[in-house]
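Subject: Structure handover

Hello,

Here is the structure I promised to pass on. Please open it beside this email and follow along.

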Amino acid sequence: MPTLIGRDEAMDITRELNDLLLDQMWLNTNHENVQKMKQLLYEESDHCLINDLYAYATDAVWLGGDMDEKIPLFIDMCEMEVPLYLQCCYTYTHSKDKFLKLQSLYELIHARLVIDEAAGDIEVNVHWKFLPHASEGVLNRRQVALLENKKEDTIRNAMYAEGRARLKPFKDNLYRVDDVIHWQKAMGTFKATQFRRGDPCREDPSTGLQFKLWLQAFANPHSSPLVTFDQLRETITTNRQTAFDLFWKSPDEDTLLAWFSSQNALNLALLLDIKPDWLINQLSRCLLTELPEDEEFEKLRKKEPVSAELPATAELITKTIQECDWIESHALQQGKQNAKMNGYTSGKYTFTHEHNLKTQYFWLPVIAGEHLSLPKKRYLKKDLDQSGKYGRHSGLKKYQELAYEDLYKVEIHTYGDLQDVLKALKS
């Protein structure tokens with residue numbers, strides 16, 4: 001059985017590696033990355049580099065922090081820093097073998113990323129150019145064994161099993177990732193990666209600056225969906241966006257009051273998936289004066305209807321759909337969001353929500369979208385596969401009810417637009 005390095009030992013090795021590399025300034029190494037790595041490793045929290053990477057590799061859970069920063073640092077360490085260390089620093093440690101143990105964690109993280117990219121959970125950036133077959137969606141037998149925590153012989157013998165329990169390599173000891181995922185689902189061992197944002201701030205904000213940093217923290221973690229500054233700004237009513245920009249540059253009590261309103265509190269709460277009254281209470285701690293619009297805040301606490309003009313963000317659409325007891329996630333969703341498109345069923349209709357772009361789209365059967373007056377484009381099944389191209393969003397292929405049928409791609413800009421579509425689906 002391939003032995004995965006333990007969390008504590010990986011921590012010790014990484015710490016020793018960083019210390020030695022930082023001490024040996026004459027080494028031809030990426031010193032900036034090593035400094036970042038050391039800072040991440042010595043964070044006084046559970047979210048240090050190795051803890052996050054280890055939980056991701058073994059449990060398919062990303063606990064928070066910037067995935068696009070932490071994973072490349074570890075890759076850089078394994079591809080560049082470790083070999084350089086072994087070449088130049090061996091005379092200082094005389095323990096070449098223990099550094100090679102990091103390779104098992106490295107291989108498992110690579111396997112997890114390939115699985116996630118194939119399953120549509122995340123889009124893996126191009127950090128894998130030094131890994132064999134990474135761009136081909138291929139895993140080797142050792143990686144599959146690490147994923148399953150089983151012996152390589154057990155994985156090899158799976159090619160002789162019957163039915164869905166069979167896992168056959170396509171070449172030597174290499175397996176296509178799609179075959180591995182289907183096999184894992186049949187065996188009940190498939191793990192869909194979960195993204196847990198965690199607390200964006202260790203302490204609740206109590207000043208304008210802390211509140212800005214608290215908001216900024218939501219834009220940093222790699223989560224599903226990712227909250228960017230532009231998304232934060234879009235939730236602010238148009239007449240106060242300039243004030244919000246000023247607050248972002250110079251956060252204090254005055255600039256905070258200039259953009260904050262009950263509607264903006266609701267918009268932010270919907271985007272960040274937190275309770276509006278909690279957000280209001282936190283703002284009251286950041287201000288020396290009383291919050292404005294007391295009556296409006298009271299209405300907000302009573303959860304009065306959402307304005308039809310509220311911008312329809314991906315978060316608002318997802319939250320609204322989840323509150324519709326007549327809509328269910330499509331069976332292929334596995335109870336989680338996909339990176340670009342989510343599928344749903346509502347009675348006789350199957351439809352999808354394309355949510356990875358700034359503009360939100362619904363893909364609907366023609367019969368469901370025929371009478372909608374919203375901006376829409378018709379996609380006919382007779383036009384499919386022209387000139388060797390599918391001709392529509394590839395994410396639709398997994399939904400057999402939609403993949404090769406006449407569809408409308410409908411634009412959703414406001415909460416009112418969303419309600420119009422939901423009424424059409426329900427009727």
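Is Arg142 buried, exposed or partly exposed? Arg142 is partly exposed, because its relative accessible area is 26% and the buried class stops under 20%. Keep in mind throughout that this is a predicted model.

**Salt bridges**

Start with the charged pairs. The structure holds five salt bridges. Arg142 takes part in one of them, and its partner is Glu107. The N to O distance in this pair is 2.4 Å. The two residues come from distant parts of the chain, 35 residues apart. Arg142 sits in helix 8, residues 141–148. Glu107 sits in helix 7, residues 102–119. Glu107 counts as buried, because its relative accessibility is 12%.

Next, look at Asp245 and Arg233. Their closest N and O atoms are 2.7 Å apart, in a salt bridge. Asp245 belongs to helix 13 (residues 241–249) and Arg233 to helix 12 (residues 229–234), so this pair ties together parts that are twelve residues apart in sequence. Asp245 is partly exposed, at 23% relative accessibility. Arg233 is partly exposed as well, with a relative accessible area of 23%.

One more salt bridge joins Asp383 and Lys382. Here the closest N and O atoms are 3.3 Å apart. How do the two partners sit relative to the surface? Asp383 is partly exposed, at 39%. Lys382 counts as exposed, because its relative accessibility is 60% and exposed means over 50%.

**Nonpolar cores**

Now turn to the inside. The largest nonpolar core has 42 residues. Those with the most contacts inside it are Phe74, Leu105, Ile109, Ile115, Leu139, Val144 and Leu167. Several helices each supply at least two residues of this core, including helix 1 (7–23), helix 4 (67–88) and helix 10 (177–187). Which helix gives the largest share? That is helix 7, with nine residues.

Leaving aside neighbours within four places in sequence, Phe74 is in contact with Ile50, Leu53, Leu102, Leu105, Tyr106 and Ile109. Another core lies apart from the largest one. This other core has 27 residues, among them Leu266, Phe362, Leu364 and Ile412.

**Aromatic rings**

How many aromatic pairs does a search of the whole structure find? The search finds twelve. Take two of them.

In the pair of Phe244 and Trp248, the ring centres are 5.6 Å apart. The planes meet at 35°, so the pair is tilted. Both residues lie in helix 13, four residues apart, which is about one turn of the helix. Phe244 and Trp248 are both buried.

The other pair is Phe351 and Phe362. Their ring centres are 5.6 Å apart. Their planes are at 10°, so this pair is stacked. It links distant parts of the chain, eleven residues apart. Phe351 is in strand 7, and Phe362 is in strand 8 (residues 360–365). Phe351 is buried, with a relative accessible area of 0%. Phe362 is buried too, at 0%.

There is also an aromatic cluster. Phe211, Phe229, Phe244, Phe247, Trp248, Trp259 and Phe260 form it. The tilted pair of Phe244 and Trp248 is part of this cluster.

Go back to strand 7, residues 349–354, and find His353. Is His353 buried or exposed? His353 is buried, because its relative accessible area is 0%. Its side chain makes a polar contact of 2.8 Å with the side chain of Gln360.

**Charges over rings**

Finish with two lysines. Lys409 lies over the face of Tyr361, at 4.2 Å from the ring centre. Lys376 lies over the face of Tyr408, at 4.4 Å from the ring centre.

Best wishes

Note on methods: Residues numbered from 1 in each chain as written. Predicted model: local features only at pLDDT ≥ 70, side-chain atom pairs only at ≥ 80, totals over all residues. Heavy atoms only, no water. Salt bridge = Lys/Arg side-chain N within 4 Å of Asp/Glu carboxyl O. Buried < 20%, exposed > 50% of the residue type's maximum accessible area, 1.4 Å probe, protein only. Polar contact = N/O pair within 3.5 Å; in protein donor to acceptor, adjacent residues only side chain to side chain. Core = buried A, V, L, I, M, F, W, Y, C linked by side-chain atoms within 4.5 Å. Contact = heavy atoms within 4.5 Å. Phe/Tyr/Trp six-rings, centres within 6.5 Å; stacked < 30°, edge-to-face > 60°. Lys NZ or Arg CZ within 6 Å of the ring centre and 35° of its normal.
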